[in-house]
Amino acid sequence: MEVEGWLLDVYPGRDGEMVAWLKKDDGSAVRLTDGWRNAIYVSSSAEGLEQLAEWAEHQYMVFSCEYVNRRVNVFEYAKRPVLKLTLRNADHSERLAKELEMLDVKSPLHIFNADLMPAQTYFFEKELFPLAHVRAEQAGASIRWKTLDSVMSEDYKIPPLRKASIRVRVDASGRIPKFSDPIGMITVTSGETVTEIVEGDERAKIISLVDAIRGLDPDIVFVEQGDGFTTHYLAERAWMNGISDRLVLSRDREPLRRLASRGTSYMAYGKVLRTPTSHKLYGRINLDAENYFVFSECGLDGLFEIARLCRMPLHKGSRASIGKCLSSLQAYVAFKDELLIPWKPSRAEIPKTAKTLLAGDRGGFIYEPKVGLHEGVGEIDFTSLFPFIMTEHNISAETVLCWCCPDSGTRVPDVGYHICEKRDGVIPRSLEPILTKRVDYKVKKKNERDPELKRIYTSRVDALKGILVCSFGYLSYRNAKFGLIDCHISVCAYARRILLETARIAEMRGFEVVHGIVDSLWVKRPGATEKDFEELRREIQAAIGLPLAFEGVYRWVAFLPSRMHEDVPVLNRYFGVFEDGSMKVRGIELRRRDGIKVVTDCQSELLRLLAQGKTLDEARRFIPEAIQAVRGFADRIRGGGVPVADLVILNSLSKNHDQYNSSLVQVSAIRQLAEEGLE
């Protein structure tokens, strides 16, 4: 049997089987199975591997073991014998790795590829990716794949995907719904079709939900508050009513089960964050728009682009952090080089002298802004400066201070590190396709007249930007597979030199630097036209060899002082109006996620009024109107004319209410929530 379509979903099935769902052009979905097993790899001494092979013969999770040659260290290019442990159950790779950690063996065991998802490994091996246009031939227990698509394609077609959304209203006994509360109503929406399930008892409502989803047969299911509450709640209510086996929302007849864990909490950047556990809908894509960056920020088109390029299954890709998506792309590059991916990286920082540390540990370069109001300022931005530095200068863990090129002529500014001249690193090769596609999409977005295509290109550009922004920070992240702090230092050193050179060229042309921060420069010159700024951009780009963008000329721009000290500038707090009337705002409440809505509404109105001024003098004429607008908002607050929701202050806390000694208002708030059963 031969089928042509788009690869919608891939996951392990029965023992030694991978299930693939293809979406055909006629709207139907086809289920195929491929004989395939997942594996992890272990490196050790010859004696340690021999001892491990003997243990694996009697281990119930291991299907088979064999010796293979692989690269086990990103810094080395020679292959070594390692033990490949093929799994009986594809999902048990980390479980087996944890058992290996506890073994009493004579030599340390180094475990690889244990945290790759089975679908990822399958994609890597078969050169597939989500929503790839493929031709698949089912030949007995195997699938012969022929890819009719490429991850580098920019005009790829997405098949018509049927979508449905599920919303559950709980008959809550208190303010916070609990799993013990009964189902009130279930609403299933697909296009113009709205099904409200209100009749009958809970069993009848759950079965009606199953029937509705089966009848609509959606490819994508949006569940309101899905991972955080709804899917777990439905599984709990089905279990309470004795019909767990009948709660089937997947295409495969796999019920929605109660999960032992509903989420994990972890500390990051001084905050306690929570990742809820998700339910997979086998053969469909379960999406939750509320908790995840890629989907919530970039929409479906951004998600599809990331999933395809990074070879992340759509279910996981929609929930993965940007760093995890980047890691997947790096893992693919390593996999193709037969380089094993360490389960728990343990690379030590390269020792440094005090002089090297002083020279290198400085971050990007900054020109403090000249506080106040300015006219005729032009803004020049480097396009994805740090990622371009990584690719142009071959910055990667194995290339900075490499073992093979100690006499390399390529040296990092300030610190003098040498860079490999023989091989391209994993990180530059991972970033190259992202940079290429983002630049191309930006051109397409600029030239496209069709509003729908412009929207799609915008989503893709934003999604790829997220990965590029993350790529620099990931160089020094302790869990990054191919990062090293010396790469981070090297990128900052190049960035400092580039910004200084950029400012020098601008000043030689008679421009004054008003502000500069890492990868952006604000300059002005009396009487300078847009053509003058464009000529400056071209000259800098030719000298530096990296792409620059001219953002435009400001009618006026305000660089703001510190609230505590009026003479001290704040680097990332400013607002201004370009000559075309568009505004750019950074750092004030209007841009903050924890901003109070009534305050952000007030600021929006003030900026709208001031933006009418085409010069500073004209803008100042609108100050009386702006003052009146502020008084109007204040009067509405005093008179109770502002909805309570517009006065809400959002706060992220790092502890539970009983761990605080003070009686802050936010502690009182979480104490009230705790009384309602919410942690």
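1. A residue counts as buried when its relative accessible area is under 20%. By this criterion F124 is buried, because its relative accessibility is 0%. The model under review is a predicted one, and the points below should be read accordingly.

2. The residue F124 also takes part in ring packing. A search of the whole structure returns 19 aromatic pairs. In one of them, F124 and F335 are arranged as a tilted pair, with a centre-to-centre distance of 5.6 Å and an angle of 55° between the planes. F124 belongs to helix α3 (residues 118–126) and F335 to helix α8 (residues 322–336), so this pair ties together parts that are 211 residues apart in sequence. With Y332, these two phenylalanines form one aromatic cluster.

3. Helix α14 (residues 530–544) holds F533 and strand β21 (residues 548–561) holds F550, so the parts tied together here are 17 residues apart in sequence. F533 is buried, because its relative accessible area is 0%. F550 likewise counts as buried, with a relative accessibility of 16%.

4. The angle between α8 and α11 is about 115°, and their axes are 9 Å apart. Their crossing is right-handed. On the α8 side the contact is made by L326, L329, Q330 and V333, which meet V426, I427, R429, S430, L431 and I434 of α11. Sorted by class, the residues in this contact are seven nonpolar, two polar and one charged.

5. An open sheet of four strands has the order β5-β6-β4-β7, with antiparallel pairing. Its edges are β5 (62–70) and β7 (110–112), each of which pairs on one side only. On average, neighbouring strands are turned by 25° against each other, direction ignored. Within the sheet, three bridges join strand β4 (residues 39–43) to β7 in the antiparallel sense, and Y41 has F112 of β7 as its bridge partner. Helix α2 (residues 93–101) packs on this sheet and touches β4, β5, β6 (80–87) and β7, while its direction makes about 25° with that of β4.

6. A further open sheet contains seven strands in the order β17-β19-β20-β18-β21-β22-β23, and its pairing is antiparallel. β17 and β23 (583–586) are the edge strands with a single partner strand each, so one side of each has no neighbour in the sheet. Helix α13 (residues 485–508) packs on the sheet, in touch with β17, β18 (372–382), β19 and β20, and its direction makes about 15° with that of β20.

7. Strand β17 (residues 366–367) is joined to strand β19 (residues 512–517) by two antiparallel bridges, with I366 opposite I517. β19 in turn pairs with strand β20 (residues 520–524) over five antiparallel bridges, where I517 stands opposite S520. The hairpin of β19 and β20 has two residues between the strands, and V518 takes a positive phi near 60° there. Elsewhere in the sheet, β21 and strand β22 (residues 569–578) run antiparallel and are joined by six bridges; the partner of V557 in β22 is G576.

8. H232 is placed in helix α5 (residues 226–240) and is buried, because its relative accessible area is 4%. Leaving aside residues up to four places away in sequence, H232 touches F179, G226, D227, L259, S261, R262, T277 and H279.

Definitions and conventions:
Residues are numbered from 1 along each chain as its sequence is written. This is a predicted model: local features need pLDDT of at least 70, side-chain atom pairs count only at pLDDT 80 or more; totals for chains, interfaces and linings use all residues. Side-chain values use heavy atoms; hydrogens and water are left out. Two strands pair if DSSP finds at least two bridges between them. Rings of Phe, Tyr and Trp (its six-membered ring) pair if their centres lie within 6.5 Å; planes under 30 degrees apart count as stacked, over 60 as edge-to-face and the rest as tilted. Buried means under 20% relative accessible area, exposed over 50%, partly exposed in between (1.4 Å probe, protein chains only). Contact means heavy atoms within 4.5 Å. Axes are lines fitted to C-alpha atoms, for helices over the stretch in contact, and angles run from 0 to 180 degrees between N-to-C directions. A crossing is left-handed if the near helix is turned anticlockwise from the far one by less than a right angle, and right-handed if clockwise. Ala, Val, Leu, Ile, Met, Phe, Trp, Tyr, Cys and Pro count as nonpolar, Asp, Glu, Lys and Arg as charged, and the others, Gly among them, as polar.
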